[in-house]
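Reader: I have a model open and would like to go through it piece by piece. Can you start with a strand pairing?

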Amino acid sequence: MKKVFKRASLTLLIGALASSVANAEALRLLTWGGYAPDEVVAQFEKETGIDVEVTKSNNEDMISKLRATGGSGFDLAQPSQDRVTSAQADFNIYKPIDLSKIDADKFIPSMLEATRKNTQLDGKVYGVPHVWGTSGLIVNRKSAPAVADYTDLCAAGLNGDVSYRLKRPTLIGFAFAMGEDPFSAYNDKNKYQAILNKVEEKLISCKGAVKTYWSGGDDLLNLIRSGEVKAAMAWDSGGWKLNSEIPDVTFVAPKSGALGWIDTFALPRKTKAEDAAYKWINFVMRPEIAAKITESAGNFTASKGSDEYVNATLKKQFQESFSAQAVDNIKWYPPVPPGLEEMEGKVLDRVKAARL
Amino acid sequence: MKPQHFKFGLALLLTPILLWLTLLIALPHVDMAMISLRERVSAGTYAFSWSNYTAFFTEPLYWRTFMRTAVMSIMATALTLLIAFPISFYIAKVARGRLRPLLFLLCLVPFWVSELVRTYGWMILLRETGVLSSLLQWLGWVDGPVEMLYQDATIMVGLVYTSMLFMVVPLVSTLDSLDDSLIEAAYDLGASHWRVMRDVVIPHAAPGIVSGCIVVFMLTLGNYLTPTLLGGKDSLWFTEQIYTQFITRFNWEQGSAFGILLLILSSLIVWIGLRLSRQSFTKVMS
């Protein structure tokens, strides 16, 4: 308890310090690893004279950080699009985006439109798309050739050989692989609970196959590199990164569909450098800059025409993992209605606590 | 004038610690207690409720996690005591000259690196492709790689290792104050080794044993890193539960309630321990 508290107060303290130190010409960016590579930051600083302070984070951490400060401490955040509206409704941590300040012609129109729709709350838009990618399977084709869908992760013969996260994507993935459609049950809590119960039972019976539940991307990559884990549920970019090192390992789009996410740009409610934030958004959406982010993050962006600048290896890896059919089969996360995450949380806790 | 001076000086000296206690310990706890007593009705509105506390007792998962954490912490404390007592006895009573500070230093050295680094060290040693597994295979004692991580026993090893110093220090200082002539007298009167230990050494060292146990128990119960990293898929530790509620579930209310419950229940366990060992808190901590 003390530790958690220390963490929380430390975050507050650092936030307070950062906000007092930061002057008008600094952009405090709360983002994912790889989304703001040094090269891009340096170029932006040279062009605009604005300093960029990058804080690496993840969805839950972003919401927690902004919630603790009421939306201050950062000038631009990058939550996934399905997590924007519920966090906004519950904690009021974001500020609507002024779409007129965004260069819409730099975006792939269909993605801009989809994100606009998905991050809308009370008629206001809270997000524009940036990086997109999928979760699916990273498989060592030599030692676990049979793994083709999420549920194959607990097939007989895999004993302590697989890994996945105890987070919501795992629940959703398993639900799809078990023939359910969790997204269509989002607004029917009873139905959703029934699906969750099925998945819970499955995940508990699968515990024997699991080596450990991973929590950090680098942990997982190490587990696969060393050969200790033969198949895992993870992000596509991790699979391609490993594929460049170990040809046997690659990302596989699961039979029941990879899970698609889009990370957005959202303005924290008490952002102090709004202009700088818009400048950053318009800067990174330039095709040649977006391509650099694709290289560093391993995922493609919503920038129109940036594909041409991306190196051939990544494009080849993408095509190898995703046939045209698999692309159509990607299940895009719709916005999460409030209340669901609590239900999911209990399931995840019970899976973690269960013993065979 | 003099008492006034004295009071002013005392107040001045106490200010930092009082500020520390109120601002960083008492106030956050009061705030946490208040947060724990509310419930989110809908977005942005909260109402007073005991539900976060009742959830702890009605949802078997939370209750069992706490029991598991408490039982494993008690076991870790007992193990630490068992291992640390002979070491402390040797340092305080048997070792002479420069050997003493040297041995003490050896106990201290692992604490010069952070807990995180030590825990990762254990992971490198114990993982399936790790040092120990490779060594066993090289010796031909096992056929294939052995996984030694991600088990309760591993958590226990990590916990005992992490708390060793906090048991050794109070034990050495109490054993040090035991007059050697008392031990000699006991032997002269014909007592066996066991008798001397039971009737002379242990009663004298009791305050040190109890204070060491309290410190180790509290540290273990509140540990987050070691159980999470070494425990893997089956490690559900109560502090982890609190962290999850705060950070990944955004449920500060439930997390605060767990925090307060951990404080109350662990204090209760310590109190019971003091009762059973017939020690008083003031004596143990002096």
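Author: A:Ala26 has A:Asp51 as its bridge partner in β2(A). Strands here are DSSP runs of E of at least two residues, and helices are runs of H or I of at least four, numbered from the N terminus. This is a predicted model, where local features need pLDDT of at least 70, side-chain atom pairs count only at pLDDT 80 or more, and totals for chains, interfaces and linings use all residues. Residues are numbered from 1 along each chain as its sequence is written, and chains are lettered from A and ligands numbered from 1 in the order in which they are written.

Reader: How many bridges join β1(A) to β2(A)?

Author: Six, and the two strands run parallel. Two strands pair if DSSP finds at least two bridges between them.

Reader: How does the chain get from β1(A) to β2(A)?

Author: Through helix α2 (residues 38-48) of chain A, in a right-handed β-α-β crossover. Right-handed means that, with the strands pointing away from the viewer, the path from the first strand over the helix to the second runs clockwise.

Reader: What is the strand order in the sheet?

Author: β2-β1-β3 in chain A, an open sheet of three strands with parallel pairing. β2 (51-56) and β3 (76-77) are the edge strands, each pairing on one side only.

Reader: And how many bridges are there between β1 and β3 of chain A?

Author: Two, also in the parallel sense, with β1 covering residues 26-31. A:Leu30 has A:Ala77 in β3(A) as its bridge partner.

Reader: Change of topic. Which domains does chain A have?

Author: Domain 1 (2-132 + 261-326) and domain 2 (135-259 + 334-353); the bounds come from an automatic or database domain assignment. Their centres, taken over C-alpha atoms, are separated by 26 Å.

Reader: How many residues does each put into the contact?

Author: Domain 1 of chain A puts in 18 and domain 2 of chain A 17. Contact means that the C-beta atoms, placed from the backbone, lie within 7 Å.

Reader: Which helices supply the domain 1 side?

Author: α4 (84-91) and α12 (312-321) of chain A each supply at least two residues of it. The largest share, five residues, comes from α12(A).

Reader: Now the other chain. How many residues of chain B are in contact with chain A?

Author: 29 residues of chain B, facing 33 residues of chain A. α3 (60-94), α11 (238-248) and α12 (252-276) of chain B each supply at least two residues of chain B's side. α11(B) gives the most, with six residues.

How values were computed: Contact = placed C-beta atoms within 7 Å.
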